[in-house]
Amino acid sequence: MIAGYKDKLNKIIRRVFNRENLISFAYIFIIAISYLVVPYYNIRTGFTNWGFTGFVDAEGPVNAAALTIQRTLTFALIIFYIYRLRLKRKMRDESYEIDLAIKESEDRRHRIEREYFKLKRQMQNIFDAMDDLVFISNKNFKIEFTNKSFKQVFGEGVGKKCYEVLYKRNEICPWCFGERVFDGEFVIVEHRHQLNNRIYRIHNSPLINPDGSISKISVMHDITNEREMQQRIESSERYFRNLFENLPVACFDYDREGKIIGWNKAAEKLYGFKTNDVLNRSMFETIAQEKDRDKTISLIKEVFNGKSFQGMEWEDKSSDGTYRYVYTSTYPIYDLGGQVSHGMSVNIDLSQQKIIENELKSSKEHLERIMETPQNLVVELDSDTRIKMFNKGCEMVTGYSRAETIGKNWLDLFIPERLRDTVRMMIEETKSDRNILPNHYESPILTKSGEERVVFWSNTVLRDKAEQVISIIVIGVDITERKRAQQKIIDAEERYRTFLESVPLHVGMIDESGKFIIWNKYSEKMFGYTKEEAIGKITPTDIHETPQEARDVVETAAREGIFSRELKLVHKNGRKIPVSLSAVPRVINGKIVGFLGFARDNSERAVAEKELSMAKEKLESLALKDTLTELYNKRYILERLNSEFERAKRSFSPLSLLQIDLDYFKSINDTYGYDFGDKVLIQVAKLLRSELRANDVIARWAGEEFMIILPEIDRENAILVSKKLIRVLEHKGFGDEKNVVNLKCSIGVVSYPEDPLFNPKEMIEAVEKSVFKVKTSGGDGVGSYIHGFMKDEDKTAISEKDRLLKALKEKMSFFAVKGEDSILEAVYSLSKSLELKDHTTRQHSEKTVHYAVKLAQKFDLSEREVENVRRAAVLHDIGKIGIPDKILLKKGPLTKAEFEIVKQHPKIAADIMSVVEFLSESTPFVLHHHEKYDGTGYPDGLKGEEIPLGARIVSIVDVYEALTENRPYRKAFSKEEAIKIIQDSSGTQFDPKIAEAFLELIKGETNHNNS
């Protein structure tokens, strides 16, 4: 308290007695003395002396002036001093206010500093309480602050460089991102620390200090355990996913809506659906039946309420539409929050079990029928041969009733005494697990009257798990009468055996097993097999050329009652024997029990016939083959071309004809001689045979010209074959040791039905013209009937198209004088040639015809009118044959000019058809099938009912089929999209009534196919 007062007193003393105040006080004191202390003297001059004038004895004016000056200065000094005192007071007041403001500022600064240090201590405490590692560094990478966790891991680091403390490095880390943080960016990185092998997620943020500088605060969060846990979880997920995928039972996951979200391999195998086919699709769209919808939905709700279901039998659908019986269990699958995330079903296939159950049921019913059938004897014996079961068949055969036999010993009651010991021994051996009881055998049994009946038995031995005999089931058929009949036959056969042995023919008999039971002496001589080698060992297959031939003999004899034909049989040593073979079935009681065959050796006759045949073949060869090259001659190739052309026309298969003319061959003959030329021709013939297929027909046409028929080969491949032959002839040398030449040739190509040729004669003429074109163009190339001469590429000129159309019209005119069948055959052949040109046209044309006929029938048209619509549907696009390939097959949208060319095809088609009178009623349908109902179509812009009904029908089916097929410039629309387009175009492009009827037809066929 006292110290406080002393401070205040000292402050007051310092303020009052400072240097300026002391000077002021002295000046005031002197002024006061000059006015108050100086004595008064007399006034001699009329002025009063005051102040210093009194000391100098100033008199007169001098004294007055001095007095005036003294007073003036004194008053000025007093006034200045008063002003100075006021100014100083003001300054003192202002200084006081400044001092007060400074004091308040200092107090505020002290408070802020105290708050700062308080916050700093709090921050330190907060950071020290964190498990994360925290440090603050400046732009020079010096650490300014670290928390407790950081110090525990890396030690005291304040004042050191961050890279020295964290990574023990002497320079900045190459991956440092500090500059990005100091630029204001927040950076989060994650990496495994190389010193302690821990994984940290580091959050780096800029920190603005009170002085405005920026530091970097880094928080290192240890996520090692988290990552390891995540890896374990991922590993566990992979394990369980792999387990799920490879479980041997079908498993699938589903969500609350019944959509399948998981599908393993066993499910793919069970149901036939691939994983991509079922994921995110409802069970009702895939495996669940519609009839089970309510039950399935209820089950899903229960599962998502946490309930499990086990051991349910279910009938599901497979991908092929069949049904699978499954044993299903379904469970809820929980997430980490304890909520049901999805359900899982585990299905075991019961289909085979169901089949087995049905088979067992069927077998049981069958067994019951057998038991009640009088034709079969069914007996069950226990291990001591006592009878446990005795059916009606046994009662009818033996005369005993069930009551008389059940519990009795089978051996004592039914087995003849001479066989009892043998049968008893066999049964005992079987009980001792030696299994010597035969499965099938014949055995006599005694009837109640003492008669013996022969029965053919089948045995089944039933054992328990210890392999002990439980019972023996024997099923028998009474064959007594059959055995007696067989014996009679055998006796009769024996009577004839001696006769058969002496016959100079092969006599053989086979039984039901197909093996020979009769083989006479002549058979031994004829085939080389002794009786011991043949009887019971060989079959007809061993003496026939093929097993099929042996089966044909037996089947023909069984079907027609006799087989009689000349063929070749096989000797034991492989020699072929020409024979006349006859075979008949052996029938006993209406049943075929074997076959009897007779064969006469025709070897000597065959030799004579062979000689005659060779002579005939030689004569024919001389008539049909070229003597020099041994190729077919002109006569043969003409006959063969006729048959191949007819076959191609019937089957709509391609047929090509090549003519090869060796270039400049006359110069070879002139230079080296005709013998050398003949050698070259022989070598060329041999080369052609080696380079072409076995079914290709090669002939020498004339001189150095060759003609080749290529069945099943179209124009494109025929041209490839031709170019190949040109290359081979050019690079292969021909001649002899002295002289070798290389050959060039001209090849003409025609192809049916691509070229408009309608008989073999036209093909010959066309191929000769094609060769002539090549010859006149310099040779060494290929000439096609349509394309003309070509060497590197095949192009069709517009002029060629015009010529082709002219040729087509000429052909149609030619056929117009024939019957309708011939004309239609020609017309459809033209349509076929268009299909080969544009592969999209074929299926399009077939479907268009189908729908056009169906739609026409819906409008109650007559048969003739429907036929006219059908013909128009077949030929509606035939005019495209006059459109250049580069436009017709263009992969992309057509230009305006190109589309104008395409719009000509209805007129071209009508022009072609106009020469055929009976197609006149179909021609308008083809001409106007691109007209539109609103009048904006082509070629004539007809509108509404002005468009013929047939054209309106063909138009809508043509557009629908075009929409649903792939085109070079776009992919096909779906049926639903095509139907929508048809609906939208009703009334504008299509007749509304026809559009409505057509859509009904499409939907009706779709529903029929689905059902």
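The expected span here is 1.5 Å times one less than the number of residues in the helix. Helices (H or I, at least four residues) and strands (E, at least two) are DSSP runs, numbered from the N terminus. Please keep in mind that this is a predicted model, in which local features need pLDDT of at least 70 and side-chain atom pairs count only at pLDDT 80 or more, while totals for chains, interfaces and linings use all residues. Residues are numbered from 1 along each chain as its sequence is written, and side-chain values use heavy atoms, with hydrogens and water left out.

**Helix α31 and the chain as a whole**

- In α31, the buried residues are Val 866, Asn 868, Val 869, Arg 871, Ala 872, Ala 873, Val 874 and Leu 875; buried means under 20% relative accessible area, exposed over 50%, and partly exposed in between (1.4 Å probe, protein chains only).
- The protein chain holds 38 helices and 28 strands.
- Of the 1011 residues in the protein chain, 40% are buried.
- Among contacts in the protein chain with a separation of 6 or more, 50% join residues 24 or more positions apart; contact means heavy atoms within 4.5 Å.

**The nonpolar cores**

- The largest nonpolar core has 38 residues, and Leu 855, Ile 956, Tyr 960, Ile 982 and Phe 998 touch the most other members.
- At least two residues of this core come from each of α30 (839-858), α31 (863-875), α34 (905-913), α35 (923-927), α36 (949-963), α37 (975-985) and α38 (992-1010).
- A second, separate core has 31 residues, including Phe 665, Ala 685, Leu 729 and Cys 745.
- For reference, a nonpolar core is a set of buried Ala, Val, Leu, Ile, Met, Phe, Trp, Tyr and Cys residues joined through side-chain atoms within 4.5 Å.
- In soluble globular proteins, nonpolar side chains tend to be buried together.

- Leaving aside neighbours within four places in sequence, Ile 956 is in contact with Leu 855, Ile 982, Phe 990, Ile 994, Ala 995 and Phe 998.
- Phe 998 sits in helix α38 and is buried, with a relative accessible area of 0%.
- With neighbours within four places in sequence again set aside, Phe 998 is in contact with Tyr 851, Leu 855, Ile 956, Val 957 and Tyr 960.
- Phe 998 and Tyr 851 are 147 residues apart along the chain, yet their C-alpha atoms are separated by 8.3 Å.

- α36 has 15 residues and reaches 22 Å from its first C-alpha to its last, close to the expected 21 Å.
- This helix is mostly covered, with 14 of its 15 residues buried.
- The axes of α36 and α37 come within 9 Å and cross at roughly 145°; axes are lines fitted to C-alpha atoms, for helices over the stretch in contact, and angles run from 0 to 180 degrees between N-to-C directions.
- Where the two helices meet, Ile 956, Val 959, Tyr 960 and Leu 963 in α36 face Lys 975, Ala 978, Ile 979, Ile 981 and Ile 982 in α37.

**Backbone features worth a look**

- Most residues other than glycine have a negative phi, and most peptide bonds are trans.
- The peptide bond from Tyr 752 to Pro 753 is cis, with omega near 5°, and Pro 753 lies in the loop between β26 (745-752) and α27 (760-776).
- Another cis peptide bond runs from Tyr 938 to Pro 939, with omega near 15°, and Pro 939 lies in the loop between α35 and α36.
- Phe 141 has a positive phi, near 70°, and is found in the loop between β1 (133-137) and β2 (143-146).
- Phe 141 is buried, with a relative accessible area of 15%.
- Tyr 664 also has a positive phi, near 55°, and is found in the loop between β21 (655-662) and α24 (665-672).
- Tyr 664 is exposed, with a relative accessible area of 59%.
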